[in-house]
Amino acid sequence: MIQVTNMTGGYETKPIVDHVDFQVNRGEFFGVVGPNGSGKTTLFKLMSGILPLWEGEVVIDRKPLGHYPRKQLARKVATLPQVQQSFFSYNVYETVMMGRYAYQSGFFKQPTERDKEVVEHVLKQTGLTEMMSLPLNHLSGGERQRVYLAQALVQEPDVLLLDEPTNHLDFSYQKQLLDELKQLSLTSHLTVVSIFHDLNIASLYCDRLLLIDQGQITQIGKPEEVMQKPLLERVYHSSIDVHANPTLSSPQMNLLPDYFLDKTRAAITPALVEATEEKIVVRTPQLLKTFSSAVKGGGFGWYRNFINYHVDKSFNCESPSQFMIEKCQQWELTEHDTLAMITAAHLSDYSERFFLGDGVSILILVTAGLGNAVDVVHGDKRVEADQPGTVNTWVFIDGHLSEQAFIQGIVTATEAKTKAFSTCGIKDSLTNTEATGTSTDSIMIASTQTERQLEYAGPITFLGSKIGQMIYEATKEAIERYLERMKPQ
Ligand SMILES: Nc1ncnc2c1ncn2[C@@H]1O[C@H](COP(=O)(O)OP(=O)(O)OP(=O)(O)O)[C@@H](O)[C@H]1O
């Protein structure tokens, strides 16, 4: 659809865009990203014929740009420039109608019925119908932006060139506008080429991205091919983190502010533990990155209050998560930064291990109730838990874990727990085989994400070997305390 070959151009004698080649397919949503001054707007000006090409060629639908008569080009390509000229004396309707000039002929250029129909449709589409009689200087920046977009859309172009279309728009209008453009590209095969400063928005909406730096293409491809940490850090000279979006496949990036990178450490020590018969609470001065199967706060999250709450053996509840939210309110704990587990185990039997050394501290807490010990190989023989019985395991680390270290840490800790079950001879009461855990065990790893980088947590790594040993010992001790308590008197 658009074929750009060897495109070179700029201002006065200095080439800003330098020997650039790419192509955009029909109906594609194509994003142009790059740092300030990298040449994005200049590239657009060259693509739309506003600036002359010094070298190379732009071919749209097999016809070079320069071969299009002015009105024919306006029906083919519409642009939404970054800085708008003011039509402040005109109202919204008149400004949008100006986009139809390429369809009007004759001396007086009266709008036809078709022109009016298209303008009314686009006004509705862009949410401007209500304000169509207002003069432009009565509108907010975002509303004006929508007027200029409407002006481009009424040209009914095959290609829409947008320079920062969501500038001045609040997030709901950004979403609305981009959803509409995406829809047009999907259903009407409108080709959208758009400059974005927001890499996350670009990644969410674009089929492909072109990353430009100093007038040259640094990378071109699908968002996941362009949104790469080393590449973006090199081009933007900034600390960036790239993550999987929790809901969609488009990668997302986070800026890493310097003040956050320099943050002081949240010391992890046994002094943080407050244990009563009712609940074990650990409060940390800073939010910890947490990966867990907790009833409230499961998955990855950031928390500073950690609760292991004791419930009676007869506890039965539709939504343990909602139950714990209500408990948080009762205890005046902020719900959004509180993670909670539930257990019927006696909390005074909890077991603790602490390690400090090699630039890392590790605190482990285990509570054990074995009423529902189960052999994982025979889980299918049980329909539901016989009685509450849970091993809840907490691992706090003052260190910086990679995401794979979180997952390996969970695996290592689980293996260590199973080993403790085996050492203590715990049996599945239904099958009389060796139990591997209970049916409702919960586990959590929480880390300060400061200082020492801990890439891995498998059993023979520094972190994994500590977790393995400490969980084994703590779980064994908690089990022994449970067995002691359960002994017939
Ligand atoms: N009219 C002009 N005359 C001379 N130089 C210009 C002109 N417009 C832009 N430049 C220069 O060309 C370079 C690229 O500018 P351009 O506007 O294309 O960058 P950009 O990537 O769109 O930047 P931004 O993200 O800040 O909008 C910059 O160094 C800029 O100073």
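This is a predicted model: local features need pLDDT of at least 70, side-chain atom pairs count only at pLDDT 80 or more; totals for chains, interfaces and linings use all residues.
Reader: How many bridges join β14 to strand β23, and in which sense do they run?

Author: Strands of a sheet pair through backbone hydrogen bonds, either parallel or antiparallel. Here, β14 and strand β23 (residues 442-447) run antiparallel and are joined by four bridges. Two strands count as paired if DSSP finds at least two bridges between them.

Reader: Which strand does a hairpin of three residues join to β14?

Author: That's β13. Strand β13 (residues 273-275) runs antiparallel to β14 (residues 279-292), with three bridges. A275 in this pair stands opposite I280 in β14.

Reader: How is the chain divided?

Author: Into domain 1 (2-256) and domain 2 (270-486), with bounds from an automatic or database domain assignment. Taken over C-alpha atoms, their centres are 51 Å apart.

Reader: In what order do the six strands of the open sheet come?

Author: Read across, you get β6-β7-β8-β3-β9-β10, and the pairing is mixed. β6 (77-80) and β10 (216-221) are at the edges with a single partner strand each, so one side of each has no neighbour in the sheet. From one strand to the next, the twist averages 15 degrees. β6 pairs with β7 (residues 159-163) in the parallel sense, over four bridges, and A78 stands opposite L160 in β7.

Reader: Which strands does α1 lie across, and how does it run relative to β7?

Author: α1 lies across β3 (29-33), β6, β7, β8 (191-195) and β9 (208-213), at about 155 degrees to β7. Contact means C-beta atoms, placed from the backbone, within 7 Å. Angles run from 0 to 180 degrees between N-to-C directions, using axes fitted to C-alpha atoms, for helices over the stretch in contact. Helix α5 (residues 141-153) lies across β6 and β7, at about 175 degrees to β6.

Reader: What is the order of the four-strand open sheet?

Author: It goes β2-β1-β4-β5, with antiparallel pairing. The edge strands β2 (14-24) and β5 (63-64) each pair on one side only. Strand β4 (residues 55-60) meets β5 over two bridges. α1 packs on this sheet too, touching β1 (2-11), β2 and β4, and its direction makes about 65 degrees with that of β2.

Reader: Which helix gives the most to the shell around the ligand?

Author: It's α1 (residues 40-48), with three residues. Around the ligand you'll find Y11, I16, G34, N36, G37, S38, G39, K40, T41 and T42, where near means a C-beta atom, placed from the backbone, within 6 Å. By class, the shell has two nonpolar, seven polar and one charged residues. Ala, Val, Leu, Ile, Met, Phe, Trp, Tyr, Cys and Pro count as nonpolar, Asp, Glu, Lys and Arg as charged, and the others, Gly among them, as polar.

Terms used: Residues are numbered from 1 along each chain as its sequence is written. Two residues are in contact if their C-beta atoms, placed from the backbone, lie within 7 Å.
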